[in-house]
Amino acid sequence: MAVRATQILGRRIQIVGPVFDEAYVRRHERLFHADHVERAGELGGPAKTAALRDASVFVYTSARTYVEAGAAVFGESLRAGTPTAAPTWRRGTCAEAALCDRTGVITVADPDEDDEAAAELLALAIEKAESLEHTEVQEVGVHRFDPARHFAAMSTRPC
């Protein structure tokens, strides 16, 4: 969906993260190997921070049937000052918990609609997210997702 959305917009996309379903990538091989796509693989440390920081928009996607358990990457992206576009398939997701109108754009797609309709909604969300002020995104992200405060809160809770 993200690859198609960026194709609609005439933009480039860097895909960061592991591939868990090679069959899915093979089914959509033409899109994943298009000229506007770079597959960076799994990144960590400074390389991941640089990828998030240098992006105009971070696009977070999930499969229609995936129920999110949590997504720390929202905090990483926002602390880097990168606004987020997040398509969801239902209300009450991690995206809604992590983002506000100053940090990202959420679109709720109908899981019964086709991939093209979902990609078009995501393309609109990407365009809106691009207009957000990166310094404000970072200010909000650093405040809401402070890693030291999060660690302190987690480490003081009894098991």
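This is a predicted model: local features need pLDDT of at least 70, side-chain atom pairs count only at pLDDT 80 or more; totals for chains, interfaces and linings use all residues.
**View 1. The cysteines C94 and C100.** Let's start with the sulfurs: a search of the whole structure turns up 0 disulfides. For C94, the nearest cysteine sulfur belongs to C100 and lies 16 Å away. A disulfide needs two cysteine sulfur atoms within 2.5 Å, so the 16 Å from the sulfur of C100 to that of C94 is too far for a bond.

**View 2. I13 in strand β1.** Here you can find I13 in β1, the strand that covers residues 13-16. With 12% relative accessibility, I13 is buried. Setting aside neighbours within four places in sequence, its contacts are A2, V3, T6, H36, V37 and E38. R39 is 26 residues from I13 along the chain, and their C-alpha atoms are 8.4 Å apart.

**View 3. The largest nonpolar core.** This core has 17 residues, and A85, L122 and I126 have the most contacts inside it. Helices α1 (2-9) and α7 (115-130) each supply at least two of its residues, with α7 giving the most, 5 residues. Take a moment with L122: beyond its neighbours within four places in sequence, L122 is in contact with M1, A2, A5, V59, T61, A85, P87 and T107.

Technical notes:
Residues are numbered from 1 along each chain as its sequence is written. Side-chain values use heavy atoms; hydrogens and water are left out. Helices (H or I, at least four residues) and strands (E, at least two) are DSSP runs, numbered from the N terminus. Buried means under 20% relative accessible area, exposed over 50%, partly exposed in between (1.4 Å probe, protein chains only). Contact means heavy atoms within 4.5 Å. A nonpolar core is a set of buried Ala, Val, Leu, Ile, Met, Phe, Trp, Tyr and Cys residues joined through side-chain atoms within 4.5 Å.
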